[in-house]
Amino acid sequence: MSGPSIEHPHGTQFDAFLYAPVGDDQNGFVVTVLSALARLGLDPWKEASELGALPREAASSRLGTLLASFRDVPAMVREHAATSDRLTRLLPERMRQTPKLPGTLGAATQSLPLGAIIAVSVVLLVLAQLFFFAPLGSGG
């Protein structure tokens, strides 16, 4: 199961990536991607989701930049590029989307925001009420 649950409120699709080791910190403890991102002040699941939506090269570059600024693991200063390349391979493939050209079937199947759906529904209900339930005129 990869969806959210009580035990895994963020889902499990990023577990392989988030729990992968980055390296050992200065105290000899293994640092995972999750703890590295958290130590950088980032939300690990949000960052994993954003990285997963990028093409692999862009995700690797972005993660490499983040890891280069992570000073808790001394090896990251010189190994951030190789480590980010290795780690981005752990992101789920299904998250990656190919760009759709305007006017293609892919653009037509995108969902509308909930607010827009509600607004259109309210307008349709008001119009239906005016059309079907309004008095036809004041005869005279």
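The following conversation goes through a predicted model of a single chain, from its overall make-up to selected residues.

Student: To start, how many helices and strands are in the chain?

Tutor: The chain has seven helices and two strands. Read from the N terminus, the order of the elements is α-β-β-α-α-α-α-α-α.

Student: And what share of the residues is buried?

Tutor: Of the 140 residues in the chain, 27% are buried. The chain exposes about 9,600 Å², and carbon and sulfur atoms supply 64% of that area.

Student: What share of the contacts comes from residues 24 or more positions apart?

Tutor: Such pairs account for 56% of the contacts in the chain with a separation of 6 or more.

Student: Let us turn to S84. Where is it found?

Tutor: S84 is part of helix α5, which covers residues 76–88.

Student: Is S84 buried or exposed, and why?

Tutor: S84 has a relative accessibility of 1%. Buried means under 20% relative accessible area, so S84 counts as buried.

Student: Which residues does S84 touch there?

Tutor: Leaving aside residues up to four places away in sequence, S84 touches S60, L63, G64 and L67. With S60 there is also a polar approach: the side chain of S84 reaches the backbone oxygen of S60 at 3.2 Å.

Student: Changing topic, how many salt bridges does a search of the whole structure find?

Tutor: The search finds six salt bridges. One of the pairs links distant parts of the chain, namely D72 in the loop between α4 (56–68) and α5, and R39 in helix α2 (residues 33–39). These two residues are 33 residues apart.

Student: How far apart are the closest N and O atoms of D72 and R39?

Tutor: In the salt bridge between D72 and R39, the closest N and O atoms are 3.1 Å apart.

Student: Which residue forms a salt bridge with K46?

Tutor: K46 forms one with E50, with 3.0 Å between the closest N and O atoms. K46 and E50 both lie in helix α3 (residues 44–53), four residues apart, which is about one turn of the helix. E50 counts as partly exposed, at 27% relative accessibility.

Student: What about R89 and D85, how do their side chains meet?

Tutor: The side chains of R89 and D85 meet in a salt bridge, at 3.4 Å from N to O. R89 is exposed, with a relative accessible area of 51%, whereas D85 is partly exposed at 30%.

Student: Finally, the surface. Which residues form a nonpolar patch?

Tutor: The patch is formed by L114, I117, I118, V120, V122, V123, L124, V126, L127 and L130. Together these residues have about 920 Å² of accessible area.

Student: Take I118 from that list. Where does it lie, and why is it partly exposed?

Tutor: I118 lies in helix α7, which spans residues 114–133. The relative accessible area of I118 is 46%. Exposed requires over 50% and buried under 20%, so I118 is classed as partly exposed.

Key:
Residues numbered from 1 in each chain as written. Predicted model: local features only at pLDDT ≥ 70, side-chain atom pairs only at ≥ 80, totals over all residues. Heavy atoms only, no water. Buried < 20%, exposed > 50% of the residue type's maximum accessible area, 1.4 Å probe, protein only. Polar contact = N/O pair within 3.5 Å; in protein donor to acceptor, adjacent residues only side chain to side chain. Contact = heavy atoms within 4.5 Å. Salt bridge = Lys/Arg side-chain N within 4 Å of Asp/Glu carboxyl O. Areas by Shrake-Rupley, 256 points an atom, 1.4 Å probe, with all protein chains shown as cover. Patch = residues over 30% accessible without salt bridge, like charges linked within 9 Å, V, L, I, M, F, W, Y side chains within 5 Å.
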